[in-house]
Amino acid sequence: MLLYVYLIAITAEAMSGALAAGKRNMDLFGVALIAFITALGGGTVRDILLGNFPVGWTQHPGYIYLTIGAGLFTMLVARFMHHLRQLFLLLDAMGLIAFTVIGCDVALKLGYPLPVVVMAGVITGIFGGILRDILCNRLPQVLRHELYASVSLLVALLYLSLRHLGVDEDLNLLASFAAGLVLRLAAIRWHWSLPVFSYAPGRWNG
């Protein structure tokens, strides 16, 4: 089940990357590159940091075709994309959870300690979006809008806690997905966010 959710997630992320590239008036290559990085960047950064070689997508060329193809397809249907905003938000939330759980699993199999496993999950969940925003010259949205990175963190902690308690894997995935989706969608609906740190040095030059 997780594989299918993952494929849906990287497709949705690739399309979101293509839309971001379009807002910056990028050419065909730029759209394809941003789509690819948005979809697979988080897993790539995770594998490099953990020394997990070869990097995952290099062993699955189909992921390259899927993400770049989704990005280029987005160029053809972009005018209709605003009608699918709610669907995209749902798919993005599912992708965040799937990436987080997959990241945790990879670190667990490599024998890393718990804090590293949690960070591996979060990095996998959010870093594609961070790379997208950096390349599109904008402040990463995952760090300033409704709860997003914190949802990834909580999903990682819940998934690992249930795993430690010996909960069945399928039940664990179901519970983690349900909790993550409810929290992320509620954050979008009611604009939940963490406290913002605003520092203006000039105010203290009394």
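Student: What share of the contacts in the protein chain with a separation of 6 or more comes from residues 24 or more positions apart?

Tutor: In this predicted model, residues 24 or more positions apart account for 74% of those contacts. A pair counts as a contact when heavy atoms lie within 4.5 Å.

Student: What makes up the fold, helices or strands?

Tutor: The protein chain has seven helices and zero strands. Read from the N terminus, the order is α-α-α-α-α-α-α.

Student: Why is the protein chain called as compact as a globular protein of its length?

Tutor: Set the value against the rule: the radius of gyration is 17 Å, and the globule rule gives 17 Å for 206 residues, so the protein chain is as compact as a globular protein of that length. Along the principal axes, its C-alpha atoms fill a box of roughly 60 × 50 × 35 Å.

Student: What about the accessible surface, and which part belongs to carbon and sulfur atoms?

Tutor: The accessible surface comes to about 11500 Å², with 69% belonging to carbon and sulfur atoms.

Student: Where does the name "Glycine transporter" come from?

Tutor: That is a domain feature in an unreviewed UniProt entry, placed at residues 5-78 and 90-163. In the model, residues 5-78 are 80% helix and 0% strand, with end C-alpha atoms 23 Å apart. Residues 90-163 are 77% helix and 0% strand, and their end C-alpha atoms lie 25 Å apart.

Definitions and conventions. Residues numbered from 1 in each chain as written. Predicted model: local features only at pLDDT ≥ 70, side-chain atom pairs only at ≥ 80, totals over all residues. Heavy atoms only, no water. Helix = DSSP H or I, 4+ residues; strand = E, 2+ residues; numbered from the N terminus. Rg over C-alpha atoms; globule rule 2.2 N^0.38 Å. Areas by Shrake-Rupley, 256 points an atom, 1.4 Å probe, with all protein chains shown as cover. UniProt positions renumbered as here; feature names shortened; annotations may be inferred.
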